[in-house]
Amino acid sequence: MNSDLAARDQTPASSRETVFPSESELLAAKAIGSFSDSNETLVADAAQAMAERFLHQGCEYYQTGQFEAALKAFQEAFLLYRDRQDEHGQEKALSSLGLTHYSLRDYARAVKYSKQSLEVAQKLDDRHSLVKIFGNLGNAYRHLKEQAKAIECQQQSLTLAQELGDRRGEMAALNNLGLAYKALGDHLIAIGYEEQSLEIARELRDDQIEEQILKNLGNACYALGNYTKAVDYYEQRLVLAREVSDRRTEGQVLRNLGNACYALGDYDRAIEYSKQWLSVSRETQDRRGEEQALGSVGVGYDALGNYARAIDYYEQRLAIAQRMKDHRIAEQVLGSLRVAYYALGDYAKAVNCTKQRETLIGTN
């Protein structure tokens, strides 16, 4: 749960599994709450007012996915706070710089700024901010594949959150610990942390966070080979996505459900979910999703031995791949068609598929 919920659609996919230890707000957004009134009134110190304005502006840019502009604003805020020797302001600007670099997938710089923010917060004994900063630092370390450091940071975030009674911070740390252990391949431990995080999300009635955690749980169970549990979590996630008419997420979940049911050998259900995914993809004009869903339906019918139906979907997929000029997919589909035609005893068409495939291979 790579994602800042306020900027969910603009946030890179890799971070949407991440739960940040803040309440659906950028760190700076929460920090400037105490400043906003002063921005609207006369401020004696112009430099202080300007710093707060840059911090607020950076937050607004971040929440609309304008990360480069956000970086510039946060940097300006930091310089002004540093000139004034305002350590609280420096801490907020630095942590916001770290989080923005994280959203840009620049994890090395995310670590750099988060560590600087951490030093200031520790000096100030700002324990509430430390919950967030340790969490953000741990997430960046996870993407840098430094899982021991990631786990250490998330454990510190969790301990502080529990001591402070910060349920959202606790929820985030538990989720992100799960992600770190999943990255290590310790899926059982990961699931244990994710399940604890899910309990808190439901206690807080935060459907957006719950959806993210259900995704992580489903993926962890799938990776562990526990496809029945994966289907259970994916189906719960599907309900939430449909409640808010999130068609993009609905399509993703239907794809995952089709894959999990196929892995279970429940081909009829795999086909049904893949057909629903196909319908969503067509309604949202997602051509790549449509192409992939057609392939999934075809594979399902292939597994049932219904080669005629499989061929129908493969042919539709081939037509889309050709329109998209995706030779790799076209070559793959021609291979599937060749096998299905052989299974039907239509050797002439099977040979034709082989010739088309060889032609594509020769042009690549």
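**Exercise 1.** Is Y313 buried or exposed, and what is the relative accessible area of Y313?

*Solution.* The model is predicted, so local features require pLDDT of at least 70, side-chain atom pairs count only at pLDDT 80 or more, and totals for chains, interfaces and linings use all residues. Residues are numbered from 1 along each chain as its sequence is written, and side-chain values use heavy atoms, with hydrogens and water left out.

Step 1. Recall the classes: buried is under 20% relative accessible area, exposed is over 50%, and partly exposed lies in between (1.4 Å probe, protein chains only).

Step 2. The relative accessible area of Y313 is 10%, so Y313 is buried.

**Exercise 2.** Classify the aromatic pairs Y262–Y267 and Y301–Y313.

*Solution.* Step 1. Rings of Phe, Tyr and Trp (its six-membered ring) pair if their centres lie within 6.5 Å; planes under 30 degrees apart are stacked, over 60 edge-to-face, and the rest tilted.

Step 1. The whole structure contains 7 aromatic pairs. One of them, Y262 with Y267, has 5.1 Å centre to centre and 55 degrees between the planes, and is tilted. Y262 is partly exposed because its relative accessibility is 35%; Y267, with 25%, is also partly exposed.

Step 2. Y301 and Y313 are stacked, with 5.8 Å between centres and 20 degrees between planes. Y301 belongs to helix α15 (residues 287-304) and Y313 to helix α16 (residues 307-323), so this pair ties together parts 12 residues apart in sequence. Helices (H or I, at least four residues) and strands (E, at least two) are DSSP runs, numbered from the N terminus. Y301 is buried, at 9% relative accessibility.

**Exercise 3.** How many disulfides does a search of the whole structure find?

*Solution.* Step 1. A disulfide is a pair of cysteine sulfur atoms within 2.5 Å.

Step 1. The search finds 0 disulfides.

**Exercise 4.** Describe how helices α5 and α6 pack.

*Solution.* Step 1. Axes are lines fitted to C-alpha atoms, for helices over the stretch in contact, and angles run from 0 to 180 degrees between N-to-C directions.

Step 1. The axes of α5 (residues 87-103) and α6 (residues 107-124) come within 7 Å and cross at roughly 155 degrees. The helices are therefore roughly antiparallel (angles under 35 degrees count as roughly parallel, over 145 as roughly antiparallel, 65 to 115 as roughly perpendicular, the rest as oblique).
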